[in-house]
Structure formats: C-alpha cells, structure tokens
Amino acid sequence: LQARHAIAGPRIWTGKEPNGIGWVDIHDEPGQYTPHPPISDSWNKSDSSLWIGIASFRDPYCGITIYNLLTKANYPERMHIHVIQQNNPEDQDCVQQYCEMAAADGHALCPYKQQLHVVNKDASEARGPVWARAIQSNLVDDS
C-alpha cells in the first residue's frame, strides 16, 4: 500500500468539504494560525476559578500531578480538582501522595486539601476513561 499523501510537516484538519478543505500544512510563519479567542474575560478576573478533572486508573503519578498543579499555579486557591480514582487497595492514594509531597516541602498541613474532591472506585469496577469522565461530568457545579 502506498500513502495517499506524503506528510512533510505538521498539518491541521479543517474538516471535509464543503465547509472545510481537509488537511492543511502548517508553515512556520508567525501568526499564521492563532487560537480561538476567549468567549469572555473570565480568565482575567481575580475571582475566577478553574475546574480540573482527572480520571485516574491505578496511576502512580496522580499525587505528583496534583502537587505540580497546585505548586506551579499562580493562584492555586482558585483551583478545584476533581479526581475519579480507580485503584486497587494496595495502590497509592492520590491525595495521600500529594500531602506527603507537601509535607516533604515543609508544609505542616496539606495545603489546598479542601479543594480536592475525590470519588474512589475499585479498579475492578472500572469501565474505562469515558466512564470515569461521565462520573466527573456530574461533579460540575454551575453555581
């Protein structure tokens, strides 16, 4: 079998005709492609919060991810992290791992722990990442 098109570099998919034109080569020209503009200025307000969802299946790095999110953020107090944790009993707990890392950094208490929302599921009940994200979607609070 031969490839229909030789890919010389990065490309983006714009959709099928008549609305799109298919694959388009991306050239290294500054400003050629820009992200879609934000639909509001909420990202720039001091009272905005960020909802983060993590679907974790026996992930030994889950706590490290939480640690990195909270220690590298300019405004960690605005973050609300929702984890669907699918573990076996012997697996490392995400929040426990995060708190241990924070303690190793000299924090007496686990900072921002009240912003961590975890739903624990036994790994044997897991039905894949879409299933976990469906559970997560029920955790979004529109208020």
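**Notebook: a parallel sheet and its crossovers**

I began with the right-handed β-α-β unit that E4, helix H2 (residues 94-104) and E5 make. I call a crossover right-handed if, with the strands pointing away from the viewer, the path from the first strand over the helix to the second runs clockwise. Helices (H or I, at least four residues) and strands (E, at least two) are DSSP runs, numbered from the N terminus.

I note that the model is predicted, with local features needing pLDDT of at least 70, side-chain atom pairs counting only at pLDDT 80 or more, and totals for chains, interfaces and linings using all residues. Residues are numbered from 1 along each chain as its sequence is written, and side-chain values use heavy atoms, with hydrogens and water left out.

**Sheet**

I then looked up the sheet, which is open and has 3 strands in the order E3-E4-E5, with parallel pairing. Its edge strands, E3 (50-57) and E5 (116-122), each pair on one side only. The twist from one strand to the next averages 10°. Two strands count as paired if DSSP finds at least two bridges between them.

I found 8 bridges between E3 and strand E4 (residues 79-87). Within this pairing, Ser-56 stands opposite Gln-85, and Phe-57 has Gln-86 as its bridge partner. E4 is joined to E5 by 7 bridges, and Asn-87 stands opposite Asp-122 in E5.

**Helix H1**

I traced helix H1 (residues 62-72) across E3, E4 and E5, at about 175° to E4. Axes are lines fitted to C-alpha atoms, for helices over the stretch in contact (heavy atoms within 4.5 Å), and angles run from 0 to 180 degrees between N-to-C directions.
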